[in-house]
Every structure is written in structure tokens, then in C-alpha cells.
Amino acid sequence: MSSQMLVSPITASPPWRLGPHGFELIRLPLAGAADLALQAGAEMSLIANRWRAIKNGDESTGRRQSYLKMRGLPPAPISMNTASILEAARELSFDVLGPETSLNDCVVIADFEPDLPRQELHRDIRRDAAKSSTHGLLIPLSHGVCLHAVPGSHAPRTSLRGTFSRGEVVRVDVPPGWALLWDGMLVHAGDGAAPGTVAGQPNRPRMHAYPEMLGEPRPFDDQGDRGIIEID
């Protein structure tokens, strides 16, 4: 895949809607959320100390995550501001998806390499899991956070596409104080490193989690849906 193919030329802005488009920007239900999120990001950049590389679709190891609250594991130490943002994320998930929703596998993601490319296009769950309730949730803990996505690629679930043109990919900017919620079948990718990224340090921290029905296993097989083809 060429570097040219990793550019998303369109910047997305509201009104994108979860049903027809597969993702939606939603304001966090928390007073002063933007300032609290930025404070949480600065704090977690210091508190988090076990960063694990995330698959990028190439040999890059510069996109890394630090666990906050994982299913089956004790929660990691977090700051009070981070706890407030996490609670707001839970409330948002309950309000949009229903009271039986559980916020699972919460992590902080950061960039550690200035030449980190954009992630490959993928889905969070397998294409054959038509009844899965899994969604993705991204909450900025810094400025400049975004996601690259293909609007409408989450449907129809019985006949999902696997090939997309570069022109179909949009960049969705998510400001502090907001969250981006998307359907688990949405084709998307994490952003490449932003200008000014400092090597070896956590840059542009953001929170990521999976809202899904309580007790429902995630149909994820370590590969997810990594069979997406991106063409010119």
C-alpha cells in the first residue's frame, strides 16, 4: 500500500449519524469536559507505564496502548480526571445504546514515533458476526485527535463490502470534550503521527473502549476484519 493511499482528503464534520453513516460525534455528558479531558491526558501520559504496540498493518510499533480497565483484569491506577472522563463515557454509552451496555477494554492510546503511518483500514469485529452489538468509542485526551472512516461501510450486515477507494475515506476530527461512537462493522483506521510528535514519548493521548451488551463475547479473532482492500 503506497503512502499516497493513506491520505484521507475529506474532513468530516457533523451531522454524521450512527444509523445511516455508522459513526457519530457526541458531546460528553460532563461539565467542563474539554478541560478535564486535556488534564486527564497530561496525567495519564505520566501515570501509564506499560505501553503495548497496536497492530498497524505494517512493521510500525509506534502506536501503543496502556490498559485502564480490561475484562478479567484488575483496573490500572488512573487519575481523578481520567475517572471522570471514563464515567462520562459510560453514561454516554448507556444513553445511546441502552442500559444493558458495558464499557469494555478501556485503554489509553498514544503515538511514540514521528514517522508512524496511518493504520490500515479494518473492522473491529468479523464480518460474519451480523448480530454483534460491539461499538467503538474514541475520546480525545489531547488536541488533534481524529479517526479515518468510510461512511456507510457498516451496512448491510448481510452483505458487507471488502474493497474501498481512497476517495471514500473521510477524516473525522474529534475535539476535546466530545466522543466519537461507531458501529463495530464500520471500516476505519487510526491516524498517523501528527506534526511535532516526539519520539519515545506518549503523544496525542486518547481513550478507546468497546461499548457492547453486558456479557456478550466480542467476535474478534486477533485479526478482526483485516481483509479490507484499499484502492486508488
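This is a predicted model: local features need pLDDT of at least 70, side-chain atom pairs count only at pLDDT 80 or more; totals for chains, interfaces and linings use all residues.
Visitor: Which residues of α2 are buried?

Guide: An α-helix has 3.6 residues a turn, so residues three or four places apart point the same way. In α2, Ala 33, Ala 37, Ala 40, Gly 41 and Met 44 are buried. These residues cover an arc of only 105° around the axis, which puts them on the same side of α2; the arc is that of the directions from the helix axis to the C-beta atoms.

Visitor: What span do the 15 residues of α2 reach?

Guide: The expected span of a helix is 1.5 Å times one less than its number of residues. From its first C-alpha to its last, α2 reaches 20 Å, close to the 21 Å expected.

Visitor: Which residues other than glycine have a positive phi, and are they buried or exposed?

Guide: Most residues other than glycine have a negative phi, and most peptide bonds are trans. Asp 105, in strand β5, has a positive phi near 50°. This residue is buried, with a relative accessible area of 13%. Arg 204, in strand β12, likewise is not a glycine and has a positive phi of about 50°. At 10% relative accessibility, Arg 204 counts as buried.

Visitor: Where is a cis peptide bond found?

Guide: The bond from Ala 155 to Pro 156 is cis, with omega near -5°. Pro 156 belongs to the loop between β7 and β8 (163-165).

Visitor: How many disulfides does a search of the whole structure find?

Guide: A disulfide is a covalent bond between the sulfur atoms of two cysteines. In the search, the term denotes a pair of cysteine sulfur atoms within 2.5 Å, and zero are found. Cys 106 is buried at a relative accessible area of 1%, and Cys 146 is buried at 6%.

Visitor: What volume has the largest pocket, and which residues line it?

Guide: On a 1 Å grid over the protein atoms alone, a pocket is an open set of points where a 1.4 Å probe fits, with protein on both sides within 12 Å along at least five of seven lines; lining residues have an atom within 4 Å of a point. The largest pocket has a volume of about 670 Å³, a volume being the space filled by probe spheres set on the points, which are joined across faces, edges and corners. Of its 31 lining residues, Ile 54, Gln 65, Ile 109, His 208 and Tyr 210 are the closest to the centre. The elements giving two or more residues to this lining are β4 (63-69), β5 (101-111), β7 (146-149), β11 (188-190) and β12 (203-213). β12 has the largest share, four residues. By class, the lining has 14 nonpolar, six polar and eleven charged residues. Here Ala, Val, Leu, Ile, Met, Phe, Trp, Tyr, Cys and Pro count as nonpolar, Asp, Glu, Lys and Arg as charged, and the others, Gly among them, as polar.

Visitor: Which residues are the closest to the centre of the second largest pocket?

Guide: The second largest pocket holds about 270 Å³ of space. Of the 16 residues that line this pocket, Arg 50, Ser 66, Tyr 67, Ala 76 and Pro 77 are the closest to its centre. α2 (33-47) and β4 each supply at least two lining residues, and the largest share, four residues, comes from β4. The lining divides into eleven nonpolar, two polar and three charged residues.

Technical notes:
Residues are numbered from 1 along each chain as its sequence is written. Side-chain values use heavy atoms; hydrogens and water are left out. Buried means under 20% relative accessible area, exposed over 50%, partly exposed in between (1.4 Å probe, protein chains only).
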